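Biologist: Hi! Could you walk me through the side-chain links in this model?

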Amino acid sequence: KKFCNARLALLESDQVGAQEGELTENQQWFLEVHPNKPGCYYMSNGKYPKNRLAAHSTYGLVSYNGNRYSDQLWEFRPGSDGFYYITSCKYDDDRRIALARTEEEPSMQGSLFGVRDRTKLVHRKASLQKTSSGS
């Protein structure tokens, strides 16, 4: 498969995309457990730690560094062979993070409906943090 090794990345402090090649800090994500929504996590970036992924209703998959909102919550549904589907906790219309495979280069497609793109989670650090936010 083309771009089968692409990783979710924060390319700039506000631009979400995908990259192949050497593992870099902007491709590392940390999960923060939501205190009141079991199984839902905020995903913050290793290089830009104040930025969290969000499933914006208009702009699709975005990076946001302000207050915490429910569109920044994600769940990880087990697939097969150790892969997961990353799905929005806010929307019940099956919005998932999926890496698009184009002829030019990998890119990120947000607000996808029914897309079945699996993600392999690779454990880097034992660092699950609880948030004190109630949103």
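Biologist: How many salt bridges does a search of the whole structure find?

Modeller: This is a predicted model, so local features need pLDDT of at least 70, side-chain atom pairs count only at pLDDT 80 or more, and totals for chains, interfaces and linings use all residues. Residues are numbered from 1 along each chain as its sequence is written, and side-chain values use heavy atoms, with hydrogens and water left out. A salt bridge is a side-chain nitrogen of Lys or Arg within 4 Å of a carboxyl oxygen of Asp or Glu. Searching the whole structure with that rule, the count is two.

Biologist: Which residue forms a salt bridge with R68?

Modeller: Look for an O atom 3.1 Å from the closest N of R68. R68 sits in the loop between β6 (60-64) and β7 (73-78), and its partner is in strand β3 (residues 29-33), so the pair ties together parts 36 residues apart in sequence. (Strands are DSSP runs of E, at least two residues, numbered from the N terminus.) That partner is E32.

Biologist: Is E32 buried or exposed?

Modeller: Buried means under 20% relative accessible area, exposed over 50%, and partly exposed in between (1.4 Å probe, protein chains only). E32 has 9% relative accessibility, so E32 counts as buried.

Biologist: Which cysteine forms a disulfide with C40?

Modeller: A disulfide is a pair of cysteine sulfur atoms within 2.5 Å, and here the sulfur atoms are 2.2 Å apart. The torsion about the S-S bond is about -110°, so the disulfide is left-handed. The partner of C40 is C89.

Notes. Helices (H or I, at least four residues) and strands (E, at least two) are DSSP runs, numbered from the N terminus.
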